[in-house]
Amino acid sequence: MTNEELWQAALNELELAVSKANFITWFQNTSIAAHQDGVVVLNVPNAFAKEWLEYKYHKFIVKALRGLSPEIRNIEYVISSELAPLLQKRRREKGIAPQEEQLEFKELMVDRETNLNPRYTFDSFVVGPFNELAHAAAAAVSKNLGRAYNPLFVYGGVGLGKTHLLQAVGNAVKKNSPRLKLIYTTSERFTTELVNFIQNNETHIFKDKYRSYDLLIIDDIQFISGKVKTQEELFHIFNLLYETGKQIIFSSDKPPHAIHDLEERLKSRFEGGMVADIGQPEYESRLAILKSKSFGKENYLNPEVLGFIAANVQKNIRELEGALNSVVAKSKLSGRILNIPEVKEIIDKNTQPKRIVTANQIIKCVAEFYDINEKILFEKTRKKEVVKPRQIAMYLLREDFSGSYPFIGQRFGGRDHTTAIHSYEKIFNELKKNAQLIEEVKRIRELYDYNYLNK
Ligand code: ADP
Ligand code: MG
């Protein structure tokens with residue numbers, strides 16, 4: 001199958017999986033730029049489409065492509081307009097023939113040896129109260145490998161700058177101590193690599209490779225959850241590096257103790273150095289980030305527009321960047337700075353929709369998650385494996401569906417509203433301290449986002 005055929009076939013499936021409007025908005029003018037070693041690089045028309053495809057449709061795209069070509073492991077997204085000049089430059093410099101360039105452009109951005117993207121530096125990283133601690137720790141580590149904090153464990157939600165910060169350490173070390181050996185990888189890549197070496201009976205080569213680094217950076221370590229063999233190898237590699245004073249850095253979407261199915265001994269290693277979180281940026285930080293990103297785009301922006309975006313796009317930095325780029329793109333088209341209603345329209349159209357989920361959908365997802373029959377939730381049983389899901393379902397009905405307590409009680413087999421209140425409060429309080437439960441609730445919500453949004 002050529003890249004074109006592959007993408008066309010994937011699009012045919014994606015068209016069925018997302019709404020018509022979304023399909024046209026986000027998948028128009030996309031194509032496969034390269035396909036190599038299980039990685040597909042998608043060409044996308046602009047930064048906003050990139051953010052959206054990455055953030056919202058990634059799962060769908062992976063599913064569609066894997067269904068067609070099971071060896072595909074990962075997808076990367078590249079903006080077409082950024083690609084063209086890079087390719088031209090490379091062609092000029094190295095005299096590369098057009099048919100080769102497809103496979104080569106990736107290395108223009110990402111260093112093959114270290115996997116570092118030169119874009120992610122400390123210089124381009126805006127510091128505010130929300131990420132101050134993580135930034136200070138990362139900066140200290142970059143100047144004092146193996147001696148400041150080891151390991152450094154950075155955690156925080158999606159799109160808040162973990163990858164940027166980890167890569168900034170790598171780029172700084174590479175620049176200041178070019179002789180040191182370092183690598184950036186993700187826990188998924190680490191796992192895939194290990195599996196390949198195991199299959200070839202070459203686990204020792206894998207070990208030798210990783211013990212040779214002065215700096216090992218592993219991003220998104222939460223995905224190591226449940227992978228017993230990977231955890232075991234990582235544990236040994238960790239010890240070897242740690243004992244010889246080599247630096248290790250991890251990131252995760254949650255703190256070590258909240259990662260499921262993770263060996264205790266690894267958990268305690270993760271917690272043994274510095275654990276720093278990145279929170280949500282507040283308004284001033286969001287504005288500062290927008291200002292830093294609007295360099296060179298001043299003709300299309302003014303303080304009101306930036307202030308409006310900062311005030312209204314709160315979710316994360318990735319969305320903030322996306323909104324800014326989208327506003328600039330529209331402004332370029334119009335040949336003038338947009339007014340606030342115009343900016344508002346763009347933001348409303350493009351920020352993630354609020355959860356719109358029905359009571360039935362919530363209940364279905366809870367039952368699906370706990371693998372029990374939906375109907376049992378309504379019965380009068382006090383079995384432990386039913387009571388908890390029922391309480392969670394009531395909690396979610398209140399939180400995400402804004403159901404009244406009488407309604408919720410009624411919905412669950414005609415129970416009294418005080419039962420609904422009790423259930424809600426039980427889960428509400430439990431969520432303040434029980435990491436396992438937090439994770440379960442999060443996954444249930446992902447389930448209904450996945451099952452029902454965009455359909
Ligand atoms: P995460 O890994 O936490 O999901 P990323 O590091 O990928 O988040 O950040 C998402 C986007 O936001 C990237 O384009 C990154 O450059 C940008 N970004 C994140 N934090 C900052 C920051 N403090 N200053 C400037 N840009 C940032
Ligand atoms: Mg990341």
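Tutor: Contact here means heavy atoms within 4.5 Å. Please keep in mind throughout that this is a predicted model.

Student: Which residues in H12 meet Phe190, Thr191, Leu194 and Ile198 in H10?

Tutor: By class, the contact of H10 with H12 has five nonpolar, two polar and two charged residues. Phe190, Thr191, Leu194 and Ile198 are the residues on the H10 side, and their partners in H12 are Lys229, Thr230, Glu233, Leu234 and Ile237.

Student: How are H10 and H12 oriented, roughly parallel or roughly perpendicular?

Tutor: Helix H10 covers residues 187-199 and helix H12 covers residues 228-243, and their axes are 10 Å apart at an angle of about 95°. Angles of 65 to 115 degrees count as roughly perpendicular, and therefore H10 stands to H12 as roughly perpendicular.

Student: Which helices each supply at least two residues of the shell around ligand 1?

Tutor: The shell residues divide into six nonpolar, seven polar and five charged, and of the 18 residues around the ligand, Val126, Gly159, His164, Lys293 and Glu321 come nearest. The helices that each supply at least two shell residues are H9 (162-176) and H16 (317-334).

Student: What percentage of the area that ligand 1 exposes when taken alone does the protein bury?

Tutor: An oxygen atom of ligand 1 lies 2.7 Å from a polar backbone atom of glycine 159, and an oxygen atom of the ligand is likewise 2.7 Å from a side-chain N or O atom of glutamate 321. A polar side-chain atom of arginine 119 is 3.1 Å from a ligand oxygen atom. Taken alone, ligand 1 exposes 560 Å², and the share of this area that the protein buries is 95%.

Terms used
Residues are numbered from 1 along each chain as its sequence is written. Chains are lettered from A and ligands numbered from 1 in the order in which they are written. This is a predicted model: local features need pLDDT of at least 70, side-chain atom pairs count only at pLDDT 80 or more; totals for chains, interfaces and linings use all residues. Side-chain values use heavy atoms; hydrogens and water are left out. A residue is near a molecule or strand if one of its heavy atoms lies within 4 Å of it. A polar contact is a pair of N or O atoms within 3.5 Å; within protein, one must be able to donate a hydrogen and the other to accept it, and residues adjacent in sequence count only if both atoms are side-chain atoms. Accessible areas come from the Shrake-Rupley method with a 1.4 Å probe; for residues, only the protein chains shown count as cover. Helices (H or I, at least four residues) and strands (E, at least two) are DSSP runs, numbered from the N terminus. Ala, Val, Leu, Ile, Met, Phe, Trp, Tyr, Cys and Pro count as nonpolar, Asp, Glu, Lys and Arg as charged, and the others, Gly among them, as polar. Axes are lines fitted to C-alpha atoms, for helices over the stretch in contact, and angles run from 0 to 180 degrees between N-to-C directions. Angles under 35 degrees count as roughly parallel, over 145 as roughly antiparallel, 65 to 115 as roughly perpendicular and the rest as oblique.
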